[in-house]
Protein chains: 2
Amino acid sequence: MPDSPTVGRRERKKAATRQAIADAALELFLEHGFERVSVRDIAEKADVSTTTLFAHFPSKEALVFDREEEVEAELTAAVRERPEGQSVVEALRVHALKAWVSITSDPRLHQHNALVDQTPALREYAERMWMRHAGALGAVIAEELGRERDDLACSALARFVLEIPILANGRHDPRAVVETVFDLLIHGWGSQQDSEVDRT
Amino acid sequence: MPDSPTVGRRERKKAATRQAIADAALELFLEHGFERVSVRDIAEKADVSTTTLFAHFPSKEALVFDREEEVEAELTAAVRERPEGQSVVEALRVHALKAWVSITSDPRLHQHNALVDQTPALREYAERMWMRHAGALGAVIAEELGRERDDLACSALARFVLEIPILANGRHDPRAVVETVFDLLIHGWGSQQDSEVDRT
DNA sequence: GTCCACAAGTGCAACTGTTCCAGTTTCTGC
DNA sequence: GCAGAAACTGGAACAGTTGCACTTGTGGAC
């Protein structure tokens with residue numbers, strides 16, 4: 001028998017079912033568009049009942065975001081396991097740039113992204129899900145800086161950093177957005193306040 | 001006949017219907033809770049068909065947020081009509097503090113707020129609606145600073161300022177949150193970076 | 001003042017996401 | 001080997017939302 005160290009057949013089957021559902025969903029969504037596919041269609045294609053579908057995913061939108069836990073783990077890891085001497089903010093900037101590279105290089109991710117972008121319902125859901133990471137991220141930042149878990153400056157930083165991809169969304173040069181906004185976060189808006197001053 | 005300058009009977013009736021629906025909805029929600037009231041109940045109470053209800057409001061949640069346009073107008077006005085010599089950021093800070101006072105003093109607002117807070121579906125909807133103002137606010141800020149409509153620094157500032165009430169939500173002293181986060185936005189996170197340094 | 005086009009409202013049926021319920025099958029730990 | 005939990009099923013039901021064919025009241029043109 002190949003691999004199955006500690007995981008029993010049950011768990012493996014469960015994972016397989018989940019995967020089958022997610023795969024069926026993505027395929028149908030990509031082919032016909034999110035709104036033109038019903039949950040019943042997906043369940044049908046994955047050969048399960050709709051009840052089972054909802055036992056694995058809390059909503060139709062969730063079918064598209066199968067990896068949220070891992071994403072959050074990567075995000076917090078980027079801060080927690082940053083190189084010696086690197087600041088938290090710097091680590092986040094690096095992580096943001098890396099994520100941007102992944103999206104442009106991996107065609108699967110790119111396709112997935114396009115689907116979400118073209119579907120208002122998915123865009124909103126994605127933003128909401130994304131912002132949910134603020135709690136975890138804020139906590140890690142606070143921990144790394146030796147502050148209380150719900151320290152305001154850390155929570156704020158977390159939320160603001162998470163806003164960046166949203167802010168970058170429709171713009172032509174996302175990398176520049178990341179750089180510019182991180183600089184603003186570090187130095188503040190005070191320096192370039194009101195009327196005249198340099199255009200970014 | 002009392003007042004009706006330029007508005008015809010038609011428009012008045014339409015507005016009345018809309019108000020009747022909103023009133024019925026709020027009353028039922030406050031009495032029984034958002035999820036335990038169906039749209040059909042509301043339509044019934046307002047003595048209209050559910051079709052009519054949805055002709056006036058795009059969704060069940062929208063029934064609770066009847067004033068979004070005005071809120072946005074107040075927000076942009078706070079920036080546009082700020083006192084001579086006051087910076088944009090300062091104007092926003094003042095506006096935030098004023099809004100906070102309104103909520104604590106006006107029992108209607110307070111009640112409304114409590115309803116939203118206690119209902120997850122409404123909280124999410126409220127945040128989404130709130131964040132939608134980012135476009136308009138960013139544009140006004142840009143205009144006031146003589147920058148292009150979609151200037152990045154202005155868009156970012158708009159989004160970050162709008163995040164503040166969300167950030168303040170569960171905390172004991174919202175006014176302090178407003179003050180602290182505005183200071184962070186003005187001076188940046190660079191000054192109090194990493195490890196040691198002063199706790200806010 | 002009459003008349004017509006049109007906006008507002010109606011009632012009902014249908015669709016879709018989501019949940020409930022009462023089972024059946026399939027695994028796992030003892 | 002067995003008991004019980006967990007996964008899964010099928011179908012009905014519920015709630016938000018939309019479409020459709022239709023009535024009614026209003027406002028502007030004449």
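Two residues are in contact if their C-beta atoms, placed from the backbone, lie within 7 Å. On that basis, residues 24 or more positions apart account for 52% of the contacts in chain A with a separation of 6 or more. The model is predicted: local features need pLDDT of at least 70 and side-chain atom pairs count only at pLDDT 80 or more, whereas totals for chains, interfaces and linings use all residues. Residues are numbered from 1 along each chain as its sequence is written, and chains are lettered from A and ligands numbered from 1 in the order in which they are written.

**Fold and domains**

Chain A has nine helices and zero strands, where helices (H or I, at least four residues) and strands (E, at least two) are DSSP runs numbered from the N terminus. The C-alpha trace of chain A spans about 60 × 40 × 30 Å along its principal axes. Of its 200 residues, 29% count as buried. A residue is buried if 20 or more other C-beta atoms lie within 10 Å of its own, exposed if 12 or fewer, and partly exposed in between, with C-beta atoms placed from the backbone.

Chain A is divided into domain 1 (4-63) and domain 2 (68-199); such bounds come from an automatic or database domain assignment. The centres of the two domains, taken over C-alpha atoms, are separated by 29 Å. Four residues from domain 1 of chain A and six residues from domain 2 of chain A make up the contact between them. The domain 1 side of this contact has three nonpolar, no polar and one charged residues. In this classification Ala, Val, Leu, Ile, Met, Phe, Trp, Tyr, Cys and Pro count as nonpolar, Asp, Glu, Lys and Arg as charged, and the others, Gly among them, as polar.

**Pairing of the chains**

Chain A can be laid on chain B with an RMSD of 0.0 Å by a turn of 180° and a shift of 0.0 Å along the axis. The two copies are thus related as by a two-fold rotation axis. In chain A, Gly188(A) has the C-alpha nearest that axis, at 1.9 Å. The superposition is by least squares on the C-alpha atoms of residues with pLDDT of at least 70 in both copies.

At the interface, 33 residues of chain A are in contact with 33 residues of chain B. On the chain A side, α5 (88-105), α7 (120-145), α8 (152-168) and α9 (174-187) each supply at least two residues. The largest share, nine residues, comes from α8(A). By class, the chain A side divides into 15 nonpolar, eleven polar and seven charged residues. Because 100% of the interface residues of chain A are also interface residues in chain B, the copies meet through the same surface.

The largest nonpolar core holds 64 residues, of which Ile141(A), Leu157(A), Val181(A), Ile141(B), Leu157(B) and Val181(B) touch the most other members. Such a core is a set of buried Ala, Val, Leu, Ile, Met, Phe, Trp, Tyr and Cys residues joined through C-beta atoms within 7 Å. Not counting residues up to four places away in sequence, Ile141(A) touches Val79(A), Val88(A), Cys154(A), Leu157(A) and Ala158(A).

**Surfaces near the DNA strands**

For DNA strand C, α1(B) gives the most to the surface, with four residues, and the surface divides into four nonpolar, nine polar and eight charged residues. For DNA strand D, α1(A) gives the most, with four residues, and the classes are four nonpolar, nine polar and seven charged.

**Individual residues**

Asp47(A) lies in the loop between α2 and α3 of chain A. Its phi is near 60°, a positive value in a residue other than glycine. Most residues other than glycine have a negative phi. With 11 other C-beta atoms within 10 Å, Asp47(A) is exposed. In chain B, Asp47(B) lies in the loop between α2 and α3 and also has a phi near 60°.

Lys98(A) is placed in helix α5 of chain A and counts as exposed, with 12 C-beta neighbours inside 10 Å.
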